[in-house]
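Me: I would like to learn how to read a protein model feature by feature. Can we go through one together?

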Amino acid sequence: MIDFELSTPARAIQGMTRQFALGSIRPHARQADTDGEMPESVIKNLAAIGMGGGSMPAGSKGEKEAGADSKPRENNLVACIGAENMAFGDPAVVMNIPGPGLAAPAINAMGTEEQKERWLGIFDIKDGQLRYGAYAYTEAHFGSDTSQIATTAKRDGDEWILNGHKIFCTNGARADIVVVFATIDKSMGREGIKAFVVEKGTPGFTVGKIEEKLGIKASETAELVLDDVRVPMDHLLGGEDALKPAVKAGFVGAMKTFDSSRPMVAALGLGIGQAAFEYVTDWVAREMPSGYPFRKRTDVALTLADMERELKASRYMVWKSAWMADRGIPNTKEASMAKAYAPKAAYDVCAKAVEIMGPEGYSKEHLVEKWYRDIKIYDIFEGTGQIQRVVISRRIMGYLDKEDPAKIN
Ligand SMILES: Cc1cc2nc3c(=O)[nH]c(=O)nc-3n(C[C@H](O)[C@H](O)[C@H](O)COP(=O)(O)OP(=O)(O)OC[C@H]3O[C@@H](n4cnc5c(N)ncnc54)[C@H](O)[C@@H]3O)c2cc1C
């Protein structure tokens, strides 16, 4: 049976996050963009309403204590609904929500049970401390082709020594832990790629430049330098098992991470599109002079109809891919479809919103110019639009039947 209704808890989250976005986030959006950071009060309020904190895996101690029952989990769907609304408030705020961030899906996908408890447990915000996690894959010479890692990890007794440069790491400078991808032996190709948890303050682990960006300016993006960084053996995600021959733990883990992170990034893009759509719709209703030529009014009305259609289609794709992830149904293709579709649709919506408003759309008087700048990144990180199409086409052509899924990124 197909059910297009959200569950009662999911609807409650939807209502609560939208209200919070409009009342407590949107009013700070312009200033945060100018200052290049979110006010701490907004971040604390986010934590106070339960956004952020740990991201415990299914069946973990934390979840059992929280009284999880046997109903299908909705973590991914609810996260997408919350993400859409947070981005609707302001796109950069989501990156500022305290918590493990992209370190969570990586740890959940690759960590041992003990590692999940240990590393995700630190994001329990009961002590009032706001903590961050980050995920460092990208290097100067690659982003899309995730097998090209040059950062190295060499074993030395009971420790690993990491050396390399990571760039464009979201929250990299303030993260308490960073999941760093490195190769233990370049000649092993993808099998050699492993993930390590590196704690802030570890000797040799330093922050390079902080990027100045076109959009999401209130989100911190950092370069990270690893210079003979020593981490204990048990910071290798997956433990000793990750070293067994033919285990592509790091690479496969990174790919698995995308199955839940791509719907969420698509949802964030969708939230920006929705914001631009609602803003321009209100503007049209308010500002369009009654004497506007009929042809022009028809054109605007049809453009609004196109926007609404594209956003709705995006939302169904996002929700379906998240719903599949919640049920453990393989969703790589659907996650990529949502990621390829929603940010592109939202980009077009933002561009049209600027166009409809004319010079006002280009002015800092209105947030549409900011959303137009902010939206582009959602088509880039977590795999560019082109890469999503590569993933989809490989699945359509059935490569998976013959090839190792680890070869598909
Ligand atoms: C604000 C921001 C935050 C980020 N945060 C993080 C983070 O937290 N952690 C992290 O690890 N990374 C992060 N990144 C990096 C991001 O994930 C990469 O920029 C992205 O994966 C694209 O890689 P690239 O920039 O190297 O582009 P490239 O891979 O060099 O691609 C350049 C162009 O070529 C196209 N292309 C590449 N390969 C193919 C192909 N096979 N077929 C068709 N077209 C192709 C791409 O689509 C793109 O248009 C962030 C980037 C930004 C801008």
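Reply: Start with the surface. This is a predicted model. The protein exposes about 18900 Å². Carbon and sulfur atoms supply 55% of that area.

Me: What percentage of the residues count as buried?

Reply: The chain has 409 residues, and 50% of them count as buried.

Me: How many helices and strands does the protein have?

Reply: There are 14 helices and 7 strands. Then look at contacts between residues at least 6 apart in sequence. Of these, 76% join residues at least 24 apart.

Me: How do I check the length of a helix? What should helix H10 span?

Reply: Count 1.5 Å a residue, then compare the ends. H10 covers residues 332–357, which is 26 residues. The expected span takes one less than that number, so H10 should span 38 Å. Its end C-alpha atoms are 38 Å apart, and therefore the two values agree.

Me: Why do residues three or four places apart in an α-helix point the same way?

Reply: Because an α-helix has 3.6 residues a turn.

Me: Now the rings. How many aromatic pairs are there in the whole structure?

Reply: A search finds 9 aromatic pairs. One of them joins tyrosine 378 and phenylalanine 381. Their centres are 5.3 Å apart, with 90° between the planes. Planes over 60 degrees apart count as edge-to-face, so this pair is edge-to-face.

Me: Which residues do ring pairs link into a cluster?

Reply: Tyr135, Tyr137, Phe142 and Phe181.

Me: Where does a charge sit over a ring?

Reply: Take arginine 262. Its charged end sits over the ring of phenylalanine 258, 3.9 Å from the ring centre. Lysine 376 lies over the face of tyrosine 347, at 5.4 Å from the ring centre.

Me: Last, the cysteines. How many disulfides are there?

Reply: The test asks for two cysteine sulfur atoms within 2.5 Å. By this rule, the count is 0.

Me: Are cysteine 80 and cysteine 169 buried or exposed?

Reply: Cysteine 80 has 2% relative accessibility, so it counts as buried. Cysteine 169 has 1%, so that residue counts as buried too.

Conventions. Residues numbered from 1 in each chain as written. Predicted model: local features only at pLDDT ≥ 70, side-chain atom pairs only at ≥ 80, totals over all residues. Heavy atoms only, no water. Helix = DSSP H or I, 4+ residues; strand = E, 2+ residues; numbered from the N terminus. Buried < 20%, exposed > 50% of the residue type's maximum accessible area, 1.4 Å probe, protein only. Contact = heavy atoms within 4.5 Å. Areas by Shrake-Rupley, 256 points an atom, 1.4 Å probe, with all protein chains shown as cover. Phe/Tyr/Trp six-rings, centres within 6.5 Å; stacked < 30°, edge-to-face > 60°. Lys NZ or Arg CZ within 6 Å of the ring centre and 35° of its normal.
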